[in-house]
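Here is a short note for a colleague who is new to this entry. Please look at the sequence and the model before reading the points.

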Amino acid sequence: MRLHASKEEIDAVCDRIAHFGYKIHTIQGEERVVIAAVGVGDVTSCLESLEAMPGVEKAVRISAPYKFVSKEFRNSPTKIRIRDLEIGGDDFVVMAGPCSVESEEQIMDSAHAVRAGGARVLRGGAFKPRTSPYDFQGMEEAGLKLLAKARDTTGLAIITEVMSDSDVPLVAEYADILQIGARNMQNFALLKALGRARRPVLLKRGLSSTIKELLMSAEYVVAHGNPDIMLCERGIRTFETATRNTCDIVAVAVLKEMTHLPVILDPSHATGKRSLVPALSRAAVAIGADGLLVEVHPCPEKAISDGAQSLESTQFQAMMRDLAPYVSLWKQARLASEPVTV
Ligand code: PEP
Ligand code: MN
């Protein structure tokens, strides 16, 4: 719709779309309303009819199977507000903390350390997707309570994983961002439940998933009612064994071309090795990611999960210092609204 289209004009357009048999989804942007028509119908006459209506800026056919998350649907970046921070806007947001919540002391130490390093969000899994059923499965609700305590003490927002649709209401009670793990990227019952959740979502790319499949999964969440979703590249499975996964770094730039959603890079799972995390984090800034999800542990050799890829607290702080000049270039580019890549 045009800027400042009236409610009557918007309602009339919705009626017209319904007349053609499409389902209607409206998205109220900061400046304008975008109306999506989803379904099967006579596209050409519908488009022609809409083009002629008052208040309509443009009627376009979106051919990609992912509609709401595509740039054709919305050209301006999605900015997700969480407490006092914004993801996808003018800040490079770092989320950091241990793979799993293990104890009060561990999560509190982690929270203080990552905050001192400049992280804005504390990560920590309370429900853990483990390859072996004999491995530590997480502290569950007790872990969520510890995360909430860490938030109260430090002011950091909390991101934590939710593994099943039935856990969404519980995890959403505590978390500021719901993390969907790589192994659950195509858990469609979970994606639908996230659509109903009133919390932002971070969706990780599946181990063997294409970029298109990642976007289709994000589309599920938006189509079911939740537009606050960010994507996360965390490495994919290839023949290479030198790193735990192979980081598809260019996926960040590809996603930035295809979608308006924020894109986060996880250099910890992408490499599996703490020594490689700072280099990959610099690459994430350079390629235009909106932030990082990094594993940090006060004592990585004692970590119950993912110790080898976790930075020790002082290593994280050093990495953040080294990253600062890159981040300020990133910010200049954002503020000038120029693409970060040249
Ligand atoms: C995690 O973030 O600790 C995790 C389990 O990640 P992924 O789902 O990417 O393997
Ligand atoms: Mn982990």
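1. Start with charge. The 40 positive and 43 negative charges of the chain have mean positions 1 Å apart. Lys and Arg count as positive, Asp and Glu as negative; His and the chain ends are not counted. Each charge is placed at NZ of Lys, CZ of Arg, CG of Asp or CD of Glu.

2. A note on the basis. This is a predicted model, in which local features need pLDDT of at least 70 and side-chain atom pairs pLDDT 80 or more, while totals for chains, interfaces and linings use all residues. Residues are numbered from 1 along each chain, chains are lettered from A and ligands numbered from 1 as written, and side-chain values use heavy atoms, without hydrogens and water.

3. Now the metal. C99 (SG), H269 (NE2), E295 (OE) and D306 (OD) coordinate the manganese ion (ligand 2) at 2.1 to 2.4 Å. Donors are N, O and S atoms within 2.8 Å of the metal (3.2 Å for Na, K and Ca); water is not among the atoms, so sites may look incomplete.

4. The donor spacing in sequence is C-x169-H-x25-E-x10-D. H269 lies in helix α9 (residues 267-271) and E295 in strand β12 (residues 291-297), 26 residues apart. Both H269 and E295 are buried, meaning under 20% relative accessible area with a 1.4 Å probe, protein chains only.

5. Overall fold: 11 helices and 13 strands. These are DSSP runs: H or I of at least four residues for helices, E of at least two for strands, numbered from the N terminus. Of the 342 residues, 52% count as buried. The C-alpha trace spans about 65 × 45 × 45 Å along its principal axes.

Methods
Buried < 20%, exposed > 50% of the residue type's maximum accessible area, 1.4 Å probe, protein only.
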